Amino acid sequence: MLKINKWNVFFVLAVCLTAIYYIIPNIYGKSEVTALPKFLSQKQVNLGLDLQGGSHLLLEVDTKSVLKEKSEDLVDDIRKSLRKSKIKYSNLGSKITGAVVTITDPEKITTAKNSIKENIEKGILIEESKNKLNLFFSDEYIIDTRANTVEQSIEVVRKRVDESGTKEPSIQRQGEERIVVQLPGIKNPERVKALIGRTAKLNFHMLDPTTVELAEQRGKLPPGTFKALNADPTAYEKQFVVKKRVLLTGERLKNAAATVDAQTGRYVVAFEFDKKGAKKFAKVTTDNTYQRLAILLDNKVISAPQIREPITGGQGNISGNFSPETANDLAVLLRAGSLPAPIKVLEERTVGPSLGIDSIEAGKKALVIGFILVIVFMIIRYRVFGIVADFAIIFNIILLISMLSAIEATLTMPGIAGIVLTVGMAVDANVLVFERIKEEIRSGRSILNSIDLGYKFAIKTILDANFTTLIAALLLYNYGSGPIKGFAVTLSIGILTSMFTALILTKLIVTFWVLKLKPKRLYI
Amino acid sequence: MGLSAFLFLTKNLNLGIDFKGGIMVEAKFSEAPNLAILRDKIDKLQIGNSEIQEFGDSNTILFRLEKIDDSNMTQEQIIQKLKNELDDDTDYRRVEFVGPKVGKELKSIAIKAVLFSLIAMFIYIWFRFSGWQFGLGALVALFHDVLSTMGFFSLTQIEFNLASIAAILTIAGYSINDTVVVFDRIRENLVKTDRALEELLNQSINQTLSRTLMTSITTLLALLALFIFGGEVVKGFVSAMMWGVLIGTYSSIFIASPLILFFGFKKVEEKS
């Protein structure tokens, strides 16, 4: 028999209060919300990057290059240990992950193996066949190396993003070798992207006194040197002959900052070495006074100053052809350190702030108008029951937004579309019930009986029908990316809240109305 | 259905950069630019194939650039080159780049998502209505919806992107919702009456018809508001949804239920 269930009333009231509790913080701005009293919720709906503007970047760390480097280092290690133990060898070379060497005297293969073993890392395995030694990285070693490389890269990227002054960035690992960077409200994405993408390997070499022209005349470079391009293509010296030996690296830097050189008035990057670095730098500058130093960033010469006097304080300036921005960027890169491996941008999605604001406005407008259209239509079609259904729609939206705030969901433009769509679809459950009630009345049952049966029959259909939509929404959530995920979230929550409002809330209202007013006929 | 398949096969989908890879820039100018001059300018940059079109209003232009794999330029350089060519006060509303690798991945994810959801719904209905005929009927109706939505995308040449996949899945969910309501009534009537199956199906469809239409109307009203006021970004998505609601309503009435008959469902099965 149709009656008001006390527990249902209690339940509905509890849900209402919870909804209000969670919806309040959304009235305030982001900064105001933290000032709210402690007993209030401070959770808000987050705006997605497509609504507040910002950049989403998917980066890939080229971990293969690290393994390649390690393979080349391995070749050096093998050469060193074999020379040390005076074992003759040939065909020494690196592979993609490992190295091979042929030992000339097959009898010495075990000695060779042992001497190499002492000098290499644990995860590198050695296999011998006849007089050949085959060194390769164990699977574990490869996995560890890749994981470490990605971890380090994330650290460096985080430092660089922080230094660039972006607020509330999110930097996360995705899959094996990918990094997702989210930069909300960013003003100059190109610059930050350029900062993130640079490997920024800083190396100090000595310049060879041989000029490039002279080397070209001779047809070969002096032994132990290589040709490096000038980082500034407009400079007078396009190329340099640089000694291969690395004297110092950027790892030894303690600090770096962009300043103006007091003498020349031009922008320079002042740097400071740590203790060990300062010592080494002092020795280098003492040994090579009046020669030219070569400072290389990512294998290009950014500065090649002459050492006028020994520098013992561990401080110096890099004076390239800098603008205030490029000097500052270089300082940021040096402070954050170099990336262990090159990084590639696989995907970028940037939304300007104006589009975000327009989208929010458009979304609000569509929501209000869609809402009014549906509400008016329902009243015309179902009269009193239409008003009940409209009440359910309003409550449904409140509930939906409060739940989105409670889980601090991210609202995206497709997400707003999902809310508007929910307005249209939320009436479905009510319509199912109302149509059923109508049918029962037509078949000659009493009003109370019809309402009771209407809800009873419709509930099964509603559950079945909504469950299938939920399947679609969950799969969307699982496979979708950012904005689409937002759509899936609002759609699934919308389905749940619409079931609640139709099956519990409106039933309560309808029951209450029928029991109190005892209408003789139902206009439905 | 045949027509959709035909359209789909003959007229290619206008794949967006989500699946094809490439660069998309939405720029708002202070005054409406001359498209021909603009096109000329961009062609001279030699940054690969480009497409230029108005987006929403005549001040807003959408650039779509194909990123060629073997080009030496990174996407940053290409975007920079484009920006250098345009006025300084241009408002860059959107810049998107999808690399070829990610494009391929997104494609396979999209296909998976659609297939899995179809299978999941098929299984759910099969179990819930204890008859494979119901499941298969619903599945065919779903295929019909998906295919004709694809046909819609081919015909209108609306960009087919990740949002389109969301539209397809929502349509599938919506359409199966309709189908379930009809099936539910069929199940109920099976127990109640002794009528012939054809008559019974007919009766069930009639009984649920007004609900099906009502829900479609309210959903369409909400979508209409989105279509007119929701902004350019969701327009493609919304128009596909509107089409889907129409086609989904039609398919659950005219395809899913009659197919139960076609697949030889016997009343005895249900009763036993």
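Guide: In this predicted model, A:Asn91 is exposed, because 10 other C-beta atoms lie within 10 Å and a residue with 12 or fewer is counted as exposed. A:Asn91 belongs to strand β3 of chain A, which covers residues 89-95. The backbone deserves attention too: phi of A:Asn91 is near 50°, a positive value in a residue other than glycine.

A:Asp298 also has a positive phi, of about 50°, although it is not a glycine. A:Asp298 is placed in a loop of chain A, between β15 (293-297) and β16 (300-303). It counts as partly exposed because 16 C-beta neighbours lie inside 10 Å.

A:Lys80, in helix α4 (residues 63-84) of chain A, is partly exposed as well, with 13 other C-beta atoms within 10 Å. Between A:Lys80 and A:Ala194 there are 114 residues along the chain, and their C-alpha atoms are separated by 39 Å.

In chain A, the assignment gives domain 1 as 6-53 + 352-517, domain 2 as 64-138 and domain 3 as 201-311. A distance of 33 Å separates the C-alpha centres of domain 2 and domain 3 of chain A. Chain B is divided into domain 1 (22-98) and domain 2 (102-271), and the C-alpha centres of these two domains of chain B lie 39 Å apart.

In chain A, β2 (residues 54-61) and β8 (residues 178-184) pair in the antiparallel sense over seven bridges. One of the residues involved is A:His56, whose bridge partner in β8(A) is A:Gln182. Between the chains, β18(A) and β4(B) run antiparallel and are joined by five bridges. Here A:Glu348 has B:Phe97 of β4(B) as its bridge partner, while A:Arg349 stands opposite B:Glu96 in β4(B). In chain B, seven bridges join β1(B) to β4(B), again with antiparallel strands, and B:Lys28 is paired with B:Asp91 of β4(B).

The contact between the chains takes 58 residues from chain A and 56 residues from chain B. On the side of chain A that touches chain B, the elements giving two or more residues are α7 (189-197), β18, α11 (353-382), α13 (413-442), α14 (447-479) and α15 (482-517) of chain A. Sorted by class, that side of chain A has 33 nonpolar, 12 polar and 13 charged residues.

The last stop is a group of helices in chain B. Helix α6 (residues 132-156) and helix α7 (residues 162-192) of chain B pack at an angle of about 145°, with their axes 10 Å apart, and α6(B) passes α7(B) in a right-handed crossing. Among the residues making this contact are B:Ala138, B:Leu142 and B:Val146 of α6(B), together with B:Ala167, B:Ile171 and B:Ser175 of α7(B). The residues of this contact divide into 12 nonpolar, four polar and one charged.

B:Met241, found in helix α9 (residues 235-262) of chain B, touches B:Ala167, B:Thr170, B:Ile171 and B:Leu223, leaving aside residues up to four places away in sequence. B:Met241 counts as buried because 29 C-beta neighbours lie inside 10 Å, where 20 or more are required. From C-alpha to C-alpha, B:Met241 and B:Ser175 are 11 Å apart in space and 66 residues apart in sequence.

How values were computed: Residues are numbered from 1 along each chain as its sequence is written. Chains are lettered from A and ligands numbered from 1 in the order in which they are written. This is a predicted model: local features need pLDDT of at least 70, side-chain atom pairs count only at pLDDT 80 or more; totals for chains, interfaces and linings use all residues. Two strands pair if DSSP finds at least two bridges between them. Helices (H or I, at least four residues) and strands (E, at least two) are DSSP runs, numbered from the N terminus. Domain bounds come from an automatic or database domain assignment. Two residues are in contact if their C-beta atoms, placed from the backbone, lie within 7 Å. Ala, Val, Leu, Ile, Met, Phe, Trp, Tyr, Cys and Pro count as nonpolar, Asp, Glu, Lys and Arg as charged, and the others, Gly among them, as polar. Axes are lines fitted to C-alpha atoms, for helices over the stretch in contact, and angles run from 0 to 180 degrees between N-to-C directions. A crossing is left-handed if the near helix is turned anticlockwise from the far one by less than a right angle, and right-handed if clockwise.
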